[in-house]
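Please open the structure in your viewer and keep the selection tool at hand, so that each stop of this tour can be picked out in turn.

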Amino acid sequence: MTDSKKMYINGEWIEAESGETLEITNPANGEVVGTISYGDARDANKAIAAAHEAFKSWSQAAARERSKYLYNLYELVRKNRDELAGLISAEMGKPLGEAKFEVLGAADNFMWYAEEAKRVYGETVPSSTPNKRLMVMKQPVGVVAAITPWNFPVNMVARKIAPALAVGCTVVLKPAEKAPLSTIRMFELIEEAGFPKGVANLVTGDASSIGKEIVDNPKVAKITFTGSTRVGKLLMEGAAAQVKRISMELGGHAPFIVFEDADLDAAVKGLFESKYRNAGQMCICTNRLYVHESIVEAFTAKLVERLQNTKVGDGRVKGVEIGPLVDEAALTSVLGQIEDAKEKGGGIAFGGNRLTEGEYNKGFFIEPTVITDVTPEMNIYSQETFGPVVPIIPFQDEASVLEMANDSIYGLAAYVYTQNNARCFRMAEGLEYGIVGVNDGSPTQTQAPFGGYKQSGIGREGGHYALDGFLETKFVSFGV
């Protein structure tokens with residue numbers, strides 16, 4: 001990979017002003033897999049200035065021209081999917097199969113928004129008087145600063161920059177420090193796709209310094225962020241000073257509800273997809289598993305059997321389904337929730353331990369875990385768990401489980417398994433969540449809206465729904 005440690009600003013690969021670098025290590029074995037430039041506010045300022053200048057021409061480019069560049073990028077991402085997947089797995093531990101699926105999802109975003117670029121429609125509105133004609137126009141907001149997380153280091157980039165570029169915005173992207181290598185490779189492909197200089201810029205490094213510049217710089221018109229609710233609130237506070245536009249996908253605490261009439265095999269499969277994919281490091285992961293009391297033993301037995309046949313290990317090894325947690329802090333947090341639950345009376349139906357022997361001795365591995373006898377006093381009951389641990393909570397009836405499921409400050413994703421058609425609709429309507437999977441443990445798709453209620457965020461990504469977040473609505477009245 002060429003110039004892997006540099007940033008991409010105004011069409012050039014440059015070192016950080018500070019001259020500092022940061023090593024990126026593989027969480028499966030501690031090996032250094034790359035080195036990046038560790039930039040700060042000075043680099044972010046240069047990138048924002050470049051994007052601001054490029055906006056003048058990019059925003060005026062024909063939609064079909066912008067579409068052409070996005071199609072080029074789609075083809076390049078697909079062509080280089082194996083390399084990108086390998087980088088993802090090396091820098092943050094995701095199994096290769098999942099990583100390839102992520103990369104293809106990113107490519108799909110570039111293709112989708114290449115098409116949507118040509119469908120940003122305005123309107124004419126009937127006037128109340130005969131001497132006026134009313135028109136509504138859609139125009140790009142300007143420079144977009146995108147801040148992406150480490151758990152989907154390629155797909156999250158695509159989900160943010162593809163719609164922004166499609167409608168005529170220019171972008172400055174700040175990837176997570178833990179997993180920037182695949183994003184850097186993505187920007188090499190952006191350069192290869194021929195995007196004009198300054199249209200897409202990449203700044204790596206100090207999140208606090210770069211974030212402050214993004215918030216304070218008046219040339220940034222919009223911030224789009226995926227990450228923790230805590231950081232999202234700080235960005236919102238800063239953006240308020242300039243009434244800067246924001247969209248945020250923040251934390252989650254997803255309920256997964258299994259009714260007595262559910263297909264248990266399908267429910268276990270769906271739960272595995274929702275909870276254990278990416279080692280449980282997803283905002284839409286199941287965090288609370290509600291199982292009807294009449295089937296809780298049967299369901300638990302099936303889930304444990306599935307986990308007994310699950311291989312944990314280095315994501316680059318064939319057959320591995322659960323990789324390591326991203327770093328030691330993540331491991332400590334998850335183990336802390338398990339110990340807290342045990343101290344407060346929770347039982348361990350499966351797992352519960354860090355893996356340290358043999359191939360696991362240098363990585364941040366943990367057994368997939370199932371906790372029983374869960375009570376509201378346990379931290380895991382209300383706090384987001386970014387790891388492969390699920391608490392089982394029995395319930396008696398539909399009304400009570402709906403109330404428990406909605407009793408959260410978060411509202412990103414929820415899951416329901418039942419074969420009762422009327423109940424499907426009642427639960428879909430009653431759950432206070434932006435995404436609901438009904439008999440579906442993996443409900444996200446490129447063309448569908450993605451986002452949450454309550455403290456899980458503001459705005460939507462995905463489909464045509466994402467475009468509005470990057471567009472201004474202008475009303476023009478013509479006197480005739």
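The model is predicted, with local features needing pLDDT of at least 70 and side-chain atom pairs counting only at pLDDT 80 or more, while totals for chains, interfaces and linings use all residues. Residues are numbered from 1 along each chain as its sequence is written, and side-chain values use heavy atoms, with hydrogens and water left out.

Select Thr-204, which lies in the loop between strand S9 (200–202) and helix H7 (207–216); helices (H or I, at least four residues) and strands (E, at least two) are DSSP runs numbered from the N terminus. Thr-204 is buried, at a relative accessible area of 1%, where buried means under 20% with a 1.4 Å probe and protein chains only. Now show Ser-37, whose backbone oxygen is reached by the side chain of Thr-204 at 2.7 Å.

Next, select helix H3 (residues 81–92) and helix H6 (residues 181–192), whose axes, lines fitted to C-alpha atoms over the stretch in contact, come within 8 Å and cross at roughly 155 degrees. This makes H3 roughly antiparallel to H6, a term for angles over 145 degrees, on a scale from 0 to 180 degrees between N-to-C directions.

Finally, select the open sheet of three strands, ordered S5-S6-S24 with antiparallel pairing, where two strands pair if DSSP finds at least two bridges between them. Nine bridges join strand S6 (residues 132–140) to S24, and Met-137 has Lys-474 as its bridge partner in S24.

Note on methods
Buried means under 20% relative accessible area, exposed over 50%, partly exposed in between (1.4 Å probe, protein chains only). A polar contact is a pair of N or O atoms within 3.5 Å; within protein, one must be able to donate a hydrogen and the other to accept it, and residues adjacent in sequence count only if both atoms are side-chain atoms. Angles under 35 degrees count as roughly parallel, over 145 as roughly antiparallel, 65 to 115 as roughly perpendicular and the rest as oblique.
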